[in-house]
Amino acid sequence: MLNIVIFGAPGSGKGTQSELIISKYGLYHISTGDILRTEMKNQTELGKIAEDYIKNGRLIPDDLIISILSNVLEENSQFKGYIFDGFPRTLVQGETLDQLLREKNTSVVAVFNLQVEEEELITRLLKRGNDQQRTDDNLEVIQNRLKVYHTQTEPLKKYYRKKGKLFTIKGGNSIDDVFEQITDVIDHLSF
Ligand code: AMP
């Protein structure tokens, strides 16, 4: 299976690149942020819990997000691979993802680390806040999300680097250029 993690700070282009990868390789897109936003829109119990964390730029607790992810994996087992977008965001999530995939006799084959300057990230997120009315795309929450990214999520880079699975991509270039760098790696993967 072609299982890919798209990794990077908020605003690094994970969602945009995921869409392009899916249409080229026919993978199933799992965006934990999108799942949570849908729950919030439908005002479900889960949505109400998530809202408190999201609007402050904090991470949803590991056990909760892991149980959501494991359900999604169970319900969508017929695909030739998954793209994980916004998951994992902590070391515990990374280790659990490995475990869940191992149980299915598969694994993550590549992690694309989209690297973008902090100033550019903030500019992009403020613009998205205007365009899409996302409650977490305002300056105060953005700064908190970046802090959370550096402290809780970035350690995963070392985790995947050690496994030889981390591919760092210059994410500040055009959408097409970033996609080309990614496809170049995917097309040369042996798994
Ligand atoms: P995203 O759209 O991926 O930037 O996610 C938006 C928000 O949803 C994040 O700031 C977190 O509050 C929450 N979230 C999404 N994915 C996760 C995850 N894997 N672990 C914890 N919280 C998450």
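Student: So a salt bridge is a side-chain nitrogen of Lys or Arg within 4 Å of a carboxyl oxygen of Asp or Glu. How many salt bridges does that rule give?

Tutor: The count comes to 13 salt bridges. This is a predicted model, where local features need pLDDT of at least 70 and side-chain atom pairs count only at pLDDT 80 or more, while totals for chains, interfaces and linings use all residues. Residues are numbered from 1 along each chain as its sequence is written, and side-chain values use heavy atoms, with hydrogens and water left out.

Student: Which residues are linked in a network of salt bridges?

Tutor: Arg128, Arg134, Asp136, Asp137 and Arg145. Within it, Arg134 and Asp136 form a salt bridge whose closest N and O atoms are 3.0 Å apart.

Student: Is Arg134 buried or exposed?

Tutor: Buried means under 20% relative accessible area, exposed over 50%, and partly exposed in between, with a 1.4 Å probe and protein chains only. Arg134 has 16%, so Arg134 is buried. Asp136, at 7%, is buried too.

Student: What about Asp34, which residue does Asp34 bridge to?

Tutor: Arg37, with the closest N and O atoms 2.8 Å apart. Asp34 and Arg37 sit 3 residues apart in helix 2 (residues 32–41), so about one helical turn separates them. Helices (H or I, at least four residues) and strands (E, at least two) are DSSP runs, numbered from the N terminus. Asp34 is partly exposed at 38%, and Arg37 is partly exposed at 28%.

Student: Why would residues three or four places apart point the same way?

Tutor: Because an α-helix has 3.6 residues a turn.

Student: OK, helix 6. Which residues of helix 6 are buried?

Tutor: Leu121, Ile122, Leu125 and Gly129. They cover an arc of only 95° around the axis, so they lie on the same side of helix 6. The arc is that of the directions from the helix axis to the C-beta atoms.

Student: And what is exposed on the other side of helix 6?

Tutor: Glu119, Thr123, Lys127, Asn130 and Asp131. As for the buried residues, what covers them includes helix 7 (139–153).

Student: How far apart are the end C-alpha atoms of helix 6?

Tutor: They are 21 Å apart, which agrees with the 21 Å that the 15 residues of helix 6 (residues 118–132) should span. The expected span is 1.5 Å times one less than the number of residues. Just after helix 6, Gln133 takes a positive phi of about 55°.

Student: New topic, aromatics. How many aromatic pairs are there?

Tutor: There are 6 aromatic pairs. Rings of Phe, Tyr and Trp (its six-membered ring) pair if their centres lie within 6.5 Å; planes under 30 degrees apart count as stacked, over 60 as edge-to-face and the rest as tilted. Tyr28 and Phe79 have ring centres 4.6 Å apart and planes at 35°, so that pair is tilted.

Student: Where do Tyr28 and Phe79 lie?

Tutor: Tyr28 lies in strand 2 (residues 28–31) and Phe79 in the loop between helix 4 (62–75) and strand 3 (82–85), so the pair ties together parts that are 51 residues apart in sequence. Phe112 and Phe167 have ring centres 5.9 Å apart and planes at 35°, so they also make a tilted pair. This pair links distant parts of the chain, Phe112 in strand 4 (residues 110–115) and Phe167 in strand 5 (residues 166–170), 55 residues apart.

Student: Which residues form one aromatic cluster?

Tutor: Tyr28, Phe79, Tyr82 and Phe84.

Key. Contact means heavy atoms within 4.5 Å.
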